[in-house]
Amino acid sequence: IQLMTKERTSVRMQTQIKVMSAQGHSLRSIARVLRLSRRTVRKYLEPSAQPPSESEGWEQKIDWDYVRQEVYGKGTTVKQIGREVASEIAYVKFWRVFRQQAGHKASPQQVTIRLHHKPAEKTQVDFGDGVFITERHSGNKTLTQFFLGVLPFSSYTFGEFVLDQKLPTFIGVQQRMFAYFGGVTPYLVVDNLKSGVHKADLYDPDVNPTYCDFANHMGFAVLPARPYKPKDKGSGECHIGVLQRDFFQEVRNRVFYSLEELNQALRHYLERLNHQVMKDYGVSRAQRFEEEKKQLKALPPSCFELSEWRRAKVHPDCHVQVEKNFYSVPFVYVGQQVRVRLTEKMVEVFSEDSLSLSAHSRLTGIGKFSTYDSHYPEQKLSVARFEVHHAKEQAKKLGPNVEQLVDKLLSTDYPLRHLRRVQGILRLAKRHPITVQALDHACQRALSFNKTRLSYIKDCALYFVTHGQRPTLLAPSREQGAVHLHHQLVLAPNAESQNVISHSEEDEIL
C-alpha cells in the first residue's frame, strides 16, 4: 500500500493531474480516471495553498555555467557538484533541474536483470587507473593504479592505490584484501591481466603459475573472466565506477605527495561508503557483511612466500642454470626441459608433469654450483657417456698439456662434475685471439700450480698471446766447495725456452 501511494503521488502523476486540468477535465473526472481521491487532486491543483518551502527559488542561486563547466569540462559527477553547490537540495531534484538547464532529453530505458549472489561465495577484483601523486621537490607526477575487491552479496568494498600491476604487487594487495575481509571466499573472479592469467582463453585460460600457488595457499579457486566480457565481474566494474565518480571527484582538487597519504584518504572514504545505507536494501554494506563474514573461510596461519617460475634445460653435466648459478638434477633428466621454482631462499626443480626432482638452497653470486653426488651416474657409466668421450678426443688434438689437464678433471669418481668446466676450456681454442699454443701453455701452468679454474686458464692464455712465455723462478744451485750462493744462477727460463741465461751473462746483467 505504501508503494502504491508513493507511485500515485510521483512527479509524473502530478504532471498528469495538471495536464488533464488544463484540458478542461473536472476535479471529479480527474480523480476517477487516475484513481485518486479528490482531496489528492485538489492538493496538487492548488499549490498556492501549500506552505512555501524554505528552499524555494534555489535554482536562481546556482551558477549553472560553473556547474556545466565542472561536469562537462572536468568530468565531475552531477552528484558531487550538487553536494558542493546545493547541499540542502535532494540529489534527484538537483539532477532534474540540471538536465533541464542542459537541455537533455530522456534516454530510452534499458532492460536489466538483477543477479542474485550467494553470501561468501565469490570475490571480484579489478584494476583501473588511479590518482596522481606528486613528488614534493621536483613536482613530477606519477599516475597510480587502483585495485578494488568487492564481495558481490554484501557489496562490502576494499580498495588500495598501488604503483603498478606487477605480480608481487598483485599478490600482496590481495593478501591485504582478505585480511581486511577477515576471511577467504571459495572463488575469486579476476580480470585477464598478465599477473593473474598467463594466457587468456574463452574456454581454457592458463592461470599464472605463481598466482596459482597463491590461490592454493589461500584456499580459493581462480575464475578468470571471459575476454571482453566485463559483466562477468559486474560488481567489481560497478564499484570501480562508483569510486571514480565519487571519491576521485571528491579529491580532484587535492594534491597528494605520497602513496600512504592517498590511501589514508581512501580508507576514510571506504569507511563512509561501507556504512552508508543502500537504498535498494535499506541497510548498509557493513550490516549485510556482518552475516556474510560468518560464512567466510578462515585465513591461512602463515603468509604466502612469493615464488617465481622459470623453465630450464638440464645440461650434460646434470645441472640447470638459474641466474648464472648451477643446480644439480638426476642424470636421467639430461637434455629435458624442467620447471624451476624460485623463492627467496630455495630453488626447486620439477619435471614437466610436476614431479619434484631436487631442492637446493639458493646461491648468491655468479658461477657457483650446488651439487648432490647422488644425481650423477656411476663412474663407468659416466666415462662411457658421449660427452666425456668427445671431450677427451678434442683434448688430444689441442696439445699434450690440454689432454693431461682434461684427463685429470675427468678422472674423479664423478666425471660429469667437471664436464662443464672441461667444455669451457676446450672452447677457449675457438676464441680469438687465443691460439692452440697459448691454450696448451695455459694448461701447463694450470697443472704446475694446480689451478684448474677456467678463469685462470683463460688469463694465462691471453697473457701468452700478448707477452709470450713468462720466465719462471728456479731453485738456485750451489757449486761444490762454494759456501755461499752469491753470483750463482738465480733466474732462468723454462727448459723449452730458446734463450738461456748463463753465469757470465748474469754477471754482466748484475
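Strand β9 (residues 319–322) runs antiparallel to β10, and four bridges hold the pairing on record here. This is a predicted model, so read what follows with that in mind. Across the pair, Val 320 sits opposite Tyr 327 of β10.

## β10 and its other neighbour

β10 also pairs with strand β14 (residues 369–370), this time in the parallel sense and over two bridges. Tyr 327 turns up again here, with Ser 370 as its bridge partner in β14.

So what covers the faces of β10, and are its residues buried or exposed? Strand β10 spans residues 325–328, and both of its faces are covered. Asn 325 and Tyr 327 are buried on one side, while Phe 326 and Ser 328 are buried on the other.

## A positive patch on the surface

Over to the charges: four arginines, Arg 28, Arg 32, Arg 38 and Arg 42, come together on the surface as a patch of positive charge. Helices α3 (27–34) and α4 (38–45) are the elements that each supply two or more residues to this positive patch.

Arg 38 belongs to helix α4. Why does Arg 38 count as partly exposed? Its relative accessibility is 42%, and that puts Arg 38 in the partly exposed class, because the class lies between the 20% cut-off for buried and the 50% cut-off for exposed.

Terms used:
Residues numbered from 1 in each chain as written. Predicted model: local features only at pLDDT ≥ 70, side-chain atom pairs only at ≥ 80, totals over all residues. Heavy atoms only, no water. Buried < 20%, exposed > 50% of the residue type's maximum accessible area, 1.4 Å probe, protein only. Pairing = 2+ DSSP bridges. Patch = residues over 30% accessible without salt bridge, like charges linked within 9 Å, V, L, I, M, F, W, Y side chains within 5 Å. Areas by Shrake-Rupley, 256 points an atom, 1.4 Å probe, with all protein chains shown as cover. Salt bridge = Lys/Arg side-chain N within 4 Å of Asp/Glu carboxyl O. Lys, Arg positive; Asp, Glu negative; His and termini not counted. Charge placed at Lys NZ, Arg CZ, Asp CG, Glu CD.
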